[in-house]
Amino acid sequence: VMSGGLDDLEGLMAHAREMVAVAEKIQQGVRDKGTAAEGKEGEEDGSLLMMAGILSPVSKEVTGQSLFHAELARQLADFLTPHLAKGGGTMTLTDAFCLYNRARGIDMVSPADLRKATELFQ
C-alpha cells in the first residue's frame, strides 16, 4: 500500500513539473510579446496564465521580511489590474484577497499582509 502511494506521488510530481514548464513557457511568450494586452492572441495567453495561477508567488522566505510587503504590493498590482478593468476600476479588499489567494494556490498570504501591501499602492 505504501509503495503504491509513493508511486502515485512520484507520478503526480512528474506531471506537476510538466505543468510548471508549460506555464513558464506561456509566461515567457507573454513577456516576449510585451504585455498580455497587445492583441487578441496576447489576451488569450494572459488568460491562460491567470487560469494557471501565479507562477512565482512572493514569500517572506524568498524576499525576506524587509522587502516582502513591497514585492507583494508589486505582484498584487500586476495581478489585480485586469480584474479591476473588468469591474469598473474598483474592488473590495475581500474580493482582492480571495482572487489573489485562489491564484496562489496553497501558498496564501494573510489578510494582514495583504492589507499592508495595499497600503503601499500609490
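Which residues in α4 meet which residues in α6? Phe68, His69, Leu72, Ala73 and Leu76 in α4 meet Asp113, Leu114, Lys116, Ala117 and Thr118 in α6. This is a predicted model, where local features need pLDDT of at least 70, side-chain atom pairs count only at pLDDT 80 or more, and totals for chains, interfaces and linings use all residues. Residues are numbered from 1 along each chain as its sequence is written, and side-chain values use heavy atoms, with hydrogens and water left out.

**The overall fold**

- The protein has six helices and zero strands, where helices (H or I, at least four residues) and strands (E, at least two) are DSSP runs numbered from the N terminus.
- Starting at the N terminus, the order of elements is α-α-α-α-α-α.
- Of the protein's 122 residues, 22% count as buried; buried means under 20% relative accessible area, exposed over 50%, and partly exposed in between, with a 1.4 Å probe and protein chains only.
- Looking at contacts (heavy atoms within 4.5 Å) between residues at least 6 apart in sequence, 49% join residues at least 24 apart.

**Helix α6 and what covers it**

- Helix α6 spans residues 111–118, and Asp113, Leu114 and Ala117 are buried in it.
- Viewed down the axis of α6, these buried residues fall within an arc of 100°, so they line one face of the helix; the arc is taken from the directions from the helix axis to the C-beta atoms.
- As background, an α-helix has 3.6 residues a turn, so residues three or four places apart point the same way.
- The cover over the buried residues of α6 includes α3 (60–63), α4 and α5.

**Where α4 meets α6**

- The axes of α4 and α6 come within 8 Å and cross at roughly 80°; axes are lines fitted to C-alpha atoms, for helices over the stretch in contact, and angles run from 0 to 180 degrees between N-to-C directions.
- That makes α4 roughly perpendicular to α6, on a scale where under 35 degrees is roughly parallel, over 145 roughly antiparallel, 65 to 115 roughly perpendicular and the rest oblique.
- His69 is a handy residue to look at here: it lies in helix α4 (residues 65–86) and counts as buried because its relative accessibility is 13%.
- Leaving out residues up to four places away in sequence, His69 touches Asp113, Lys116, Ala117 and Leu120.

**Where α5 meets α6**

- Helices α5 and α6 pack at an angle of about 115°, with their axes 11 Å apart, and are therefore roughly perpendicular to each other.
- Their crossing is right-handed, meaning that the near helix is turned clockwise from the far one by less than a right angle, with anticlockwise being left-handed.
- On the α5 side, Leu93, Phe97 and Tyr100 meet Pro111, Leu114, Arg115 and Thr118 in α6.
- Leu93 counts as partly exposed because its relative accessibility is 41%.
- Apart from neighbours within four places in sequence, Leu93 is in contact with Leu114, Arg115 and Thr118.
- Leu93 and Thr118 are 25 residues apart in sequence and 8.7 Å apart in space, C-alpha to C-alpha.

**An aromatic pair**

- Searching the whole structure turns up one aromatic pair.
- The rings of Phe79 and Tyr100 have centres 5.6 Å apart and planes at 70°, so the pair is edge-to-face.
- Rings of Phe, Tyr and Trp (its six-membered ring) pair if their centres lie within 6.5 Å, with planes under 30 degrees apart counted as stacked, over 60 as edge-to-face and the rest as tilted.
- The pair links distant parts of the chain, with Phe79 in helix α4 and Tyr100 in helix α5 (residues 93–104), 21 residues apart.
- Both Phe79 and Tyr100 are buried.
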